[in-house]
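Here's a quick briefing to read alongside the model. Have the sequence and the 3D view open, and hop between them as you go.

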Amino acid sequence: MSAPTLQEFQQQVSELLLRHRSLLDVMTKYSQSNASVNRAVSKSITECGCIELSARQQGFTPELELDEAKRQTKSHMAGELCEQCADIIRSEMGKNLFYLSAYCNLLGVNLDEVVTKESEKCSTLGWFNLT
């Protein structure tokens, strides 16, 4: 079975969402699910220990060339998620995506269009997109 498209997933969410049809409910559930993703990642560091975090200043300077900046950039993470932590994080991300889709449905926004437009913006703006 192939993965559903964003449009198919958004339609599925629309058909399944029964209890939280209020925009306020969906807003708060989306925020809560986002916090759950972050909590699951934190627990993989603090409880499981499969990944470690060691954050320092990135050290960017205005004189730094873009390709050099890319090579210098660090994720601050060491290690790899164990399968148990990865499963938990995937599950929490799935719930987050569910509520993002519900949010889109209530506002009449097509999630596929959101991704397409953001991808086009990234392609057009390149490195300067996130600055």
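L16 counts as exposed, at 53% relative accessibility (exposed means over 50% relative accessible area, buried under 20%, and partly exposed in between, using a 1.4 Å probe and protein chains only). L16 has its place in helix α1, where a helix is a DSSP run of H or I with at least four residues, numbered from the N terminus. Keep in mind that this is a predicted model, where local features need pLDDT of at least 70, side-chain atom pairs count only at pLDDT 80 or more, and totals for chains, interfaces and linings use all residues.

**Exposed spots and distances**

- L16 and C50 are 34 residues apart in sequence, and their C-alpha atoms are 35 Å apart in space.
- K117 sits in helix α5, which covers residues 111–125, and K117 counts as exposed because its relative accessibility is 57%.
- From K117 to Q32 you'd count 85 residues along the sequence, and the C-alpha to C-alpha distance is 26 Å.

**Q10 in helix α1**

- Q10 is found in α1, the helix made of residues 6–16.
- Is Q10 buried or exposed? Q10 is buried, because its relative accessible area is 5%.
- The Q10 side chain reaches the backbone oxygen of V109 at 2.7 Å, and a polar atom of that side chain lies 2.8 Å from the backbone nitrogen of L111.
- Leaving out residues up to four places away in sequence, Q10 touches S101, C104, N105, V109, N110, L111 and D112 (touching, or contact, means heavy atoms within 4.5 Å).

**How α1 meets α4**

- Two packed helices are described by the angle between their axes and the distance between the axes.
- The axes of α1 and α4 come within 9 Å and cross at roughly 80° (axes are lines fitted to C-alpha atoms, for helices over the stretch in contact, and angles run from 0 to 180 degrees between N-to-C directions).
- So α1 and α4 are roughly perpendicular to each other (65 to 115 degrees is roughly perpendicular, under 35 roughly parallel, over 145 roughly antiparallel, and the rest oblique).
- On the α1 side you'll find F9, Q10, V13 and S14, which meet L97, F98, S101, A102, C104 and N105 in α4.
- Sorted by class, the contact of α1 with α4 has six nonpolar, four polar and no charged residues (Ala, Val, Leu, Ile, Met, Phe, Trp, Tyr, Cys and Pro are nonpolar, Asp, Glu, Lys and Arg are charged, and the others, Gly among them, are polar).

**How α2 packs on α4**

- Helix α2 (residues 23–48) packs with helix α4 (residues 83–107) at an angle of about 165°, and their axes are 9 Å apart.
- That angle makes α2 roughly antiparallel to α4.
- The contact of α2 with α4 has 18 nonpolar, five polar and three charged residues by class.

**Two serines in α2**

- S33 lies in α2 and is buried, because its relative accessible area is 5%.
- Which residues does S33 touch, not counting residues up to four places away in sequence? S33 touches E92, K95, N96 and Y99.
- S31 also has its place in α2, and S31 counts as partly exposed because its relative accessibility is 47%.
- S31 and Y99 are 68 residues apart in sequence, with 8.8 Å between their C-alpha atoms in space.

How values were computed. Residues numbered from 1 in each chain as written. Heavy atoms only, no water. Polar contact = N/O pair within 3.5 Å; in protein donor to acceptor, adjacent residues only side chain to side chain.
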